[in-house]
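Thanks, everyone. I will go through one structure today, looking at salt bridges, then backbone geometry, a helix and the cavities. Please have the sequence and the coordinates open.

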Amino acid sequence: MNPKSLEARKRDEKPFEGLVIFNLEALHEVKNRSACSKCGKSRMYFCYTCFIPVSQLKNQIPQCKLPIKVDIIKHRREIDGKSTAAHAAVLAPNDVNVYTYPHVPEYSNDGKTVLLYPGKDACSINELFSGKHSNCLSYEKVILQDLPAGYNVGTLMTKIINNESKEIYHVDKLPIERLVLIDSTWNQSRGIFADERFQRMPKIVLQNRVSQFWRHQKGSPRWYLSTVEALHQALIELHISAWGCSEHYTTDITSGYPIHSRDCKKQCIPYEGQYDNLLYFFKYMYEKLHTLYKHEDMLAYKRPMSL
């Protein structure tokens, strides 16, 4: 897709339209940096090493409750301030943990923990429900290249898989309990992925989604998502595959996904923005940057929609 096309411009004009994101007023009221109450370092909105908001924002920002646990594995050389992983850790403190490799947990090999990574045996999230892993995309011929700083490896796809089944599975329980994301450059991620603990995990990849991440990196298409965008997308796909999307929730992100029927089972709670607040800081920073620069002048949004 041409980034100057009508469809691309439409997506970029109001990228958060329809998303259920908490009012940003509290962030607008923060005028100066302050010391983190835990480590004492100077921070503006939150501490990206302690994963807590500054004192002025305590009890002023949303808290997200996620349906599964999330572990984000950082490379030790990854620059904290460039990543959006901290957004997720601050906004979902009870469900998101950030670890610096090699200091990571031991994971059980029971299939309940999956890794967001484009391995040759990776499957889509929908296939976690259907069990049709034999139809998984093959990434054996993927050309390995440097993944730009700040982008998540789980979005390194060479093929759109939006033609997969859009069935709602009406489950009583989700097929996974924990999602693991690697937060690093592509070269760094290969070293982490080689670890036996990650090798034996089932791997998943995401549907294509246009990124609104503002950091430009040469050679990266628009569907390279930042870590918090990748997590948001994964949770949406997981929830909608399980219980569908509310007929009252309309966004470009969920366009084409199956709508929850009123005749569905009682345990089916459709998606209506339950995880959208993961983009709370992301939206604020996006909008702040767009008050300083014109969208069409920012190189990040001139990137091609495909490789």
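I start with R197, which is buried, because its relative accessible area is 13%. Buried here means under 20% relative accessible area, exposed means over 50%, and partly exposed is in between, with a 1.4 Å probe and protein chains only.

Some conventions before the rest. This is a predicted model, where local features need pLDDT of at least 70 and side-chain atom pairs count only at pLDDT 80 or more, while totals for chains, interfaces and linings use all residues. Residues are numbered from 1 along each chain as its sequence is written, and side-chain values use heavy atoms, with hydrogens and water left out.

Back to R197. What does R197 form a salt bridge with? The partner is E106, and the closest N and O atoms are 3.9 Å apart. The criterion is a side-chain nitrogen of Lys or Arg within 4 Å of a carboxyl oxygen of Asp or Glu. R197 lies in helix α6 (residues 196-199) and E106 in the loop between β6 and β7 (113-116), so this pair ties together parts 91 residues apart in sequence. Helices (H or I, at least four residues) and strands (E, at least two) are DSSP runs, numbered from the N terminus. E106 has a relative accessible area of 63%, so E106 is exposed. E106, D195 and R197 are linked in a network of salt bridges.

The whole structure has 7 salt bridges. Among them is the one between D71 and R178, at 3.1 Å from N to O. D71 counts as buried because its relative accessibility is 1%, and R178 counts as partly exposed at 24%.

K69 and D95 form another, with the closest N and O atoms 2.9 Å apart. K69 is in strand β5 (residues 69-74) and D95 in the loop between α3 (85-91) and β6 (96-100), so the pair joins parts that are 26 residues apart in sequence. K69 is partly exposed at 34% relative accessibility, whereas D95 is buried at 7%.

Next, the backbone. Most residues other than glycine have a negative phi, and most peptide bonds are trans. The bond from Y101 to P102 is cis, with omega near 15 degrees, and P102 is in the loop between β6 and β7. F51 is not a glycine, yet has a positive phi of about 60 degrees; F51 is in the loop between β3 (46-47) and β4 (52-53). H170 also has a positive phi, near 50 degrees, and is in the loop between α4 (126-130) and β9.

Now helix α8, residues 280-292. At 1.5 Å times one less than the number of residues, its 13 residues should span 18 Å, and the end C-alpha atoms are 19 Å apart, which agrees. Buried residues in α8 include Y280, F281, F282 and K283.

Last, cavities. A cavity is a set of points on a 1 Å grid over the protein atoms alone where a 1.4 Å probe fits but cannot get out; lining residues have an atom within 4 Å of a point. There are 3 cavities of 30 Å³ or more.

Notes
1 Å grid on protein atoms, 1.4 Å probe; cavity = no way out; pocket = protein on both sides within 12 Å on 5 of 7 lines; lining within 4 Å. Points joined across faces, edges and corners; volume = space filled by probe spheres on them.
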